[in-house]
Amino acid sequence: MTARSPKKDSEIGVKELGERMGEMMEEFRAVREELREGFKEQGRKMKEEIEDLRREFREREKRWKEEREETNKQKEKMEERIRNLEEKMEERKEEKKEEERNGRGEVGEKMRELERRLKRKEKEERRRNIVIRGLEVKEGGRRENAEKLLEGIGAKVKAIEVKRIGGDAEKGREMVLLKLENEEQKWEVMEKKRSLVGRKERITEDLSWEERRMNWRLREIARGEEREAGLENKDKDFWEGLKKEDVLVMLETWIGEKGWERIRGRLPKGYEWGVQMAKKKNKKGRAIGGMIMGIRKGLKEKGTAIEVDREGWITGKVRTDGENWSIIGVYAKKEGMEENVQELGDRMEKKEEGRYTIIGGDFNARTGQEGGRIEEEEGGGLGEGRRSKDKKVDREGRLLVKSLEERGWEIFNGNVKGDEEGEFTFTGGRGGTVIDYIIGEGEVREKIVSMVVGERVDSDHHPLEIIVRREEEEEGRRGGWKKRSRGVWNEEGAKRFIEKIGEVEEKEEELNKEWEEMETRITEAIKGVEEELGNKKGKVGWWDEECRKAKKETRRKLRDWRKKRGEASEYKERRKEFKEICKRKKEEENQRWERKVEGARREAE
């Protein structure tokens with residue numbers, strides 16, 4: 001017997017590997033079969049769910065159809081009922097007419113008489129009542145607070161009944177009805193309620209709806225209709241100041257069609273006027289925007305009209321000393337800045353040959369020191385084009401500057417005589433900015449004698465005033481479309497002038513300041529003499545001497561701030577006080593009108 005040789009390790013490993021692979025294949029087939037059964041089960045369930053959804057959808061569609069049919073039936077019934085009611089109403093109208101013709105309207109007459117009696121009774125009950133609006137109700141109750149308020153205005157009355165009829169309880173203020181002992185006590189309160197000027201509380205009569213409506217109409221007649229904000233709310237000095245200009249543009253007037261009818265008579269005579277009406281964003285809102293341009297008669301180019309075809313743009317054409325000018329006013333809103341810049345570019349490119357064009361207005365854009373004329377210095381570099389107290393450049397400003405630079409136009413603010421420092425054109429509660437500009441080509445810049453940011457304090461925007469050189473300057477009038485007052489220079493006028501101007505001591509170290517003060521006093525003296533001797537008129541409305549003095553002091557603070565002799569906070573504080581004085585004066589005037597209305601109504605009763 002021959003002995004076998006032992007098996008090699010490699011042969012044993014291959015056999016075991018084959019066995020393991022066979023086992024793995026069996027396991028794989030088992031798993032695959034299990035998955036196949038699972039997929040089949042899931043597919044069967046999904047089919048069942050889909051079928052349930054289809055069945056539910058068909059049922060819903062059936063219900064919807066039935067509901068639509070039911071709705072249509074109800075609609076038809078309602079239409080039928082409406083037709084029947086309309087027919088009955090028409091029949092009733094005919095019957096009523098027939099009764100009136102036949103003298104059988106006694107029932108209606110009795111009803112009207114009963115209604116009149118009820119109104120008279122209600123009126124008698126209301127005669128001794130007053131209503132306090134905005135009463136602050138603290139600890140102690142509304143009766144104690146109401147009596148304390150009446151005692152504070154000096155009214156010695158006694159309330160029989162006090163009850164809340166409205167107001168805002170969360171803010172602690174209510175509308176309260178007080179029933180007094182007699183009518184004399186009520187009129188005592190109404191006479192003394194003027195002491196409430198400046199407070200939040202208001203005292204009125206207990207009026208019915210018809211009486212309130214009549215009261216409102218009488219007040220409208222007495223006040224010449226309710227005054228709007230904006231241009232209609234300007235003081236006497238504003239209207240007088242307009243007469244000094246040859247061409248003027250007013251922006252954000254808030255003037256609609258009714259407002260224009262009211263103020264056109266207040267505008268200076270001797271001008272041709274164009275207006276772009278303010279518009280409402282929605283039915284309930286008030287009209288916003290609006291522009292007015294005035295051109296002194298004789299300056300407007302013949303055969304032209306002031307153009308107001310595009311919102312936010314107004315254009316007038318002027319001819320003087322053989323030169324043609326286009327004056328364009330702009331009010332650019334931030335939300336439509338791209339469109340306004342595009343319109344500006346189109347107008348710059350379409351400028352007529354031989355015509356000077358000035359564009360000015362509120363661009364709502366901050367340009368810093370950019371957008372001015374670039375000048376070459378001796379060393380070959382480029383000099384600063386313009387100066388500005390507002391150093392910031394925003395997105396709108398970059399759009400504006402880019403459009404100007406592409407077409408060779410420039411901003412004149414901080415770039416011409418009179419505004420060398422680039423004065424703030426807007427001074428609001430958060431500080432000063434430059435957002436109002438005068439722009440044009442270099443040839444227009446050479447025509448400008450001076451440009452000044454005005455000192456008006458009745459608006460956050462200060463006016464931009466420019467004087468343009470004419471070809472033939474009049475003696476004593478250095479170019480520009482300006483009007484100067486000569487004053488009244490008779491013997492009495494000269495005497496008054498000397499009294500008003502006083503003595504001005506010239507100190508060498510303060511010569512400039514003394515001269516500015518002297519110039520102001522000269523102007524005020526001339527104006528005072530004219531008012532006293534040349535044009536005596538009574539004061540109108542709420543504007544009085546206190547308002548005039550407050551406005552003068554506010555302007556002085558503004559001037560000091562600009563010339564770095566004072567702080568911005570001093571000007572803002574003084575301007576706030578000036579506004580509060582004007583507000584108080586207006587409230588007092590409103591109280592006077594209300595008393596006149598009450599007197600007229602009492603006489604009518």
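K564 is exposed, with a relative accessible area of 74%; exposed denotes over 50%, buried under 20%, and partly exposed the range in between, computed with a 1.4 Å probe on protein chains only. The residue lies in the loop between α13 and α14. Its phi is positive, about 60°, although K564 is not a glycine. Most residues other than glycine have a negative phi. N364 also has a positive phi, of about 50°, and is not a glycine. This residue belongs to the loop between β10 and β11 (375-376), and it counts as buried because its relative accessibility is 17%.

The structure is a predicted model, in which local features need pLDDT of at least 70 and side-chain atom pairs count only at pLDDT 80 or more, while totals for chains, interfaces and linings use all residues. Residues are numbered from 1 along each chain as its sequence is written, and side-chain values use heavy atoms, with hydrogens and water left out.

**Overall composition**

The protein chain has 14 helices and 18 strands. Helices (H or I, at least four residues) and strands (E, at least two) are DSSP runs, numbered from the N terminus. Of the 605 residues in the protein chain, 34% are buried. Among contacts with a separation of 6 or more, 67% are between residues 24 or more positions apart; a contact means heavy atoms within 4.5 Å.

**A mixed sheet and its helix**

An open sheet is formed by 5 strands in the order β8-β9-β10-β16-β13, with mixed pairing. Two strands pair if DSSP finds at least two bridges between them. At the edges stand β8 (313-320) and β13 (410-411), each of which pairs on one side only. Helix α8 (residues 337-349) packs on this sheet and touches β8, β9 (323-331), β10 and β16. The direction of α8 makes about 25° with that of β8, where axes are lines fitted to C-alpha atoms, for helices over the stretch in contact, and angles run from 0 to 180 degrees between N-to-C directions.

Strand β16 (residues 436-440) runs antiparallel to β10 (residues 355-362), and 4 bridges join the two. Within this pairing, G360 stands opposite I438, and G361 stands opposite Y437. On the side of β13, the pairing with β16 is also antiparallel, over 2 bridges, and E410 stands opposite G440. How many residues of β16 are buried? The strand is mostly covered, with 5 of its 5 residues buried. Both faces are covered: D436, I438 and G440 are buried on one side, and Y437 and I439 on the other.

**The surroundings of E201**

E201 is found in the loop between α4 (183-192) and β4 (202-205). The residue counts as buried because its relative accessible area is 6%. Its side chain makes a polar contact of 3.2 Å with that of R199. A polar contact is a pair of N or O atoms within 3.5 Å; within protein, one must be able to donate a hydrogen and the other to accept it, and residues adjacent in sequence count only if both atoms are side-chain atoms. Leaving aside residues up to four places away in sequence, E201 touches R133, G134, L135, E136, L149, R173 and L196.

**Aromatic rings**

A search of the whole structure finds 6 aromatic pairs. Rings of Phe, Tyr and Trp (its six-membered ring) pair if their centres lie within 6.5 Å; planes under 30 degrees apart count as stacked, over 60 as edge-to-face and the rest as tilted. Two of these pairs are set out below.

| Pair | Centre to centre | Angle between planes | Class |
|---|---|---|---|
| Y271 and W273 | 5.4 Å | 35° | tilted |
| W561 and Y571 | 5.7 Å | 15° | stacked |

Y271 is buried, with a relative accessible area of 5%, whereas W273 counts as partly exposed at 22% relative accessibility. In the pair of W561 and Y571, both residues are buried. W561 lies in helix α13 (residues 545-562) and Y571 in helix α14 (residues 568-604), so the pair links distant parts of the chain, 10 residues apart. F424, W561 and Y571 together form one aromatic cluster.

A charge also lies over a ring elsewhere: the charged end of K186 sits over the ring of W187, 4.5 Å from its centre. This arrangement requires NZ of Lys or CZ of Arg within 6 Å of the ring centre and within 35 degrees of the ring normal.
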